[in-house]
Amino acid sequence: MSIRKRLAAALCGALLVTVTGGLLPSAAFADSGDPADRPAAKEPPKVELVLDVSGSMRARDIDGQARMSAAKQAFNEVLDAVPEDVRLGIRTLGADYPGKDRKQGCKDTKQLYPVGELDRTEAKTAVATLVPTGWTPIGPALLGAADDLEGGSATRRIVLITDGEDTCAPLDPCEVAREIAAKGVDITIDTLGLVPNAKMRAQLMCIAEATGGTYTSVQHKEELSDRVSQLVDRAAEPVVTPVATQGAGRCDDAPRLEAGLYADRESFGQHRWYRVDLLPGQELRASVSIAADRPVNRDHGVLLRASSLAGREIVRGEAAGDGRTDVVSTGLRYPKSETDGTDDADDTDGEPAAETVCLRVSNSFSAPASVRTSPGLPLELTIDITGGPRAAGDAAFLGLGHGWWLLGLLTLAGFAAGVLWGWISRWRIAVWRTN
């Protein structure tokens with residue numbers, strides 16, 4: 001009986017593949033073609049581990065071990081597990097200067113192991129030589145790490161491991177992280193706090209939030225090694241990196257964007273303009289997110305408005321938040337039918353003319369007087385252009401296509417599979433009665 005069940009399932013599967021085979025993209029079966037036409041190999045991701053080696057790392061409160069010993073053991077485990085395609089480096093802070101000269105102590109950061117192909121033995125040997133020594137210059141160390149990762153288009157990540165807050169203010173590490181993010185260099189900073197207190201936790205959370213990273217509190221050696229390994233592995237995962245752009249004060253001067261993910265900065269209460277060209281028969285889908293990467297006043301909102309060059313509003317999306325909201329997001333859709341006219345462009349060469357859609361991003365954030373408003377708040381804008389309606393009033397059906405051909409094909413496949421299964425069932429019953 002089991003053989004007959006398998007035969008029936010195989011026949012139904014074969015029918016389904018035969019009927020729906022036409023739906024698969026032809027590219028899946030196409031030859032790869034000339035090697036010269038293939039996309040260039042992706043640049044390996046880069047990660048720099050920034051380790052605090054200040055004097056406080058001597059404290060023995062992580063599973064009965066000194067913090068430095070626990071960090072070394074965790075680093076050895078992490079180095080053994082680093083994926084082959086990750087370019088990893090190590091930077092230290094507070095590792096060399098034992099004195100009391102603050103100016104000198106705040107320069108105490110250096111690259112222990114350069115970012116590149118990993119020699120695990122060499123990296124472990126370098127880590128083994130570290131002895132808790134001096135100050136905690138987190139801000140200078142972050143600037144140094146950003147320089148270490150400079151260049152190229154690879155995914156870049158800094159993982160900061162520390163047991164205390166920065167001791168080199170006024171170079172505030174949170175402001176340093178915001179400046180790194182504002183440069184559009186696409187570096188994510190993740191922070192790990194060893195046995196943290198409230199002040200250190202707030203500072204490390206601020207650093208992470210400024211660049212879209214994460215903060216983790218660590219009180220055990222296994223937690224440290226597991227979390228660092230996760231962050232290194234995450235760098236090796238394919239991600240979409242936002243393209244840095246800069247919106248304008250009016251639509252005429254705005255950058256012209258294509259489909260993709262974009263990053264910008266917007267000051268409190270500011271308007272930023274962007275432009276998108278939309279052809280008849282296309283649909284614009286846009287969304288924007290603004291993150292509160294510092295303390296802000298309650299009751300704020302974000303507005304995304306699409307309008308023509310002449311100033312006519314087409315559609316808008318808006319969202320509001322309160323003091324407990326970290327990110328406020330909204331979006332809009334604008335389908336342009338194939339038969340729709342345009343206010344802003346003419347058909348001159350027999351080709352359909354594109355309409356310029358002006359996108360305005362506005363926010364109503366405000367901040368307490370003690371909070372710096374520069375650089376602006378992180379803004380992430382997503383632009384997607386898909387197939388739109390063919391006639392005014394129509395709408396694309398979930399991006400699956402126009403008309404009823406797809407629904408009819410699926411109905412036919414279901415009907416054929418049902419008939420085949422019924423025939424096989426009747427045959428099985430007849431065989432059973434005969435035997």
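Begin by selecting helix 6 and helix 7, which are roughly parallel to each other (angles under 35 degrees count as roughly parallel). The model is predicted: local features need pLDDT of at least 70, side-chain atom pairs count only at pLDDT 80 or more, and totals for chains, interfaces and linings use all residues. Residues are numbered from 1 along each chain as its sequence is written, and side-chain values use heavy atoms, with hydrogens and water left out.

**The helix pair**

Helix 6 and helix 7 pack at an angle of about 5°, and their axes lie 8 Å apart. Axes are lines fitted to C-alpha atoms, for helices over the stretch in contact, with angles running from 0 to 180 degrees between N-to-C directions. Helices (H or I, at least four residues) and strands (E, at least two) are DSSP runs, numbered from the N terminus. Display the side chains next: P173, C174, A177, R178 and A181 of helix 6 meet Q203, C206, I207 and A210 of helix 7, where contact means heavy atoms within 4.5 Å.

Now select the open sheet of 6 strands, whose order is 3-2-1-4-5-6 with mixed pairing. Its edge strands, strand 3 (109–116) and strand 6 (215–218), each pair on one side only. On average, neighbouring strands of this sheet are turned by 15° against each other, direction ignored. Within the sheet, strand 1 (residues 46–52) and strand 4 (residues 156–162) pair in the parallel sense over 6 bridges; two strands pair if DSSP finds at least two bridges between them. Centre on K46 to find R156 of strand 4 opposite.

**The largest pocket**

Select D186, T211, P242, A263 and E380, which lie nearest the centre of the largest pocket among its 38 lining residues. Elements giving two or more residues to this lining include strand 4, helix 6 (173–182), helix 7 (198–210) and strand 16 (377–387). On a 1 Å grid over the protein atoms alone, a pocket is an open set of points where a 1.4 Å probe fits, with protein on both sides within 12 Å along at least five of seven lines; lining residues have an atom within 4 Å of a point.

**Two backbone sites**

Most residues other than glycine have a negative phi, and most peptide bonds are trans. Select D63, in the loop between strand 1 and helix 2 (67–81); D63 has a positive phi of about 55° although it is not a glycine. Finish at P375, in the loop between strand 15 (355–363) and strand 16. The peptide bond from S374 to P375 is cis, with omega near -5°.

Conventions: Parallel < 35°, antiparallel > 145°, perpendicular 65-115°, else oblique.
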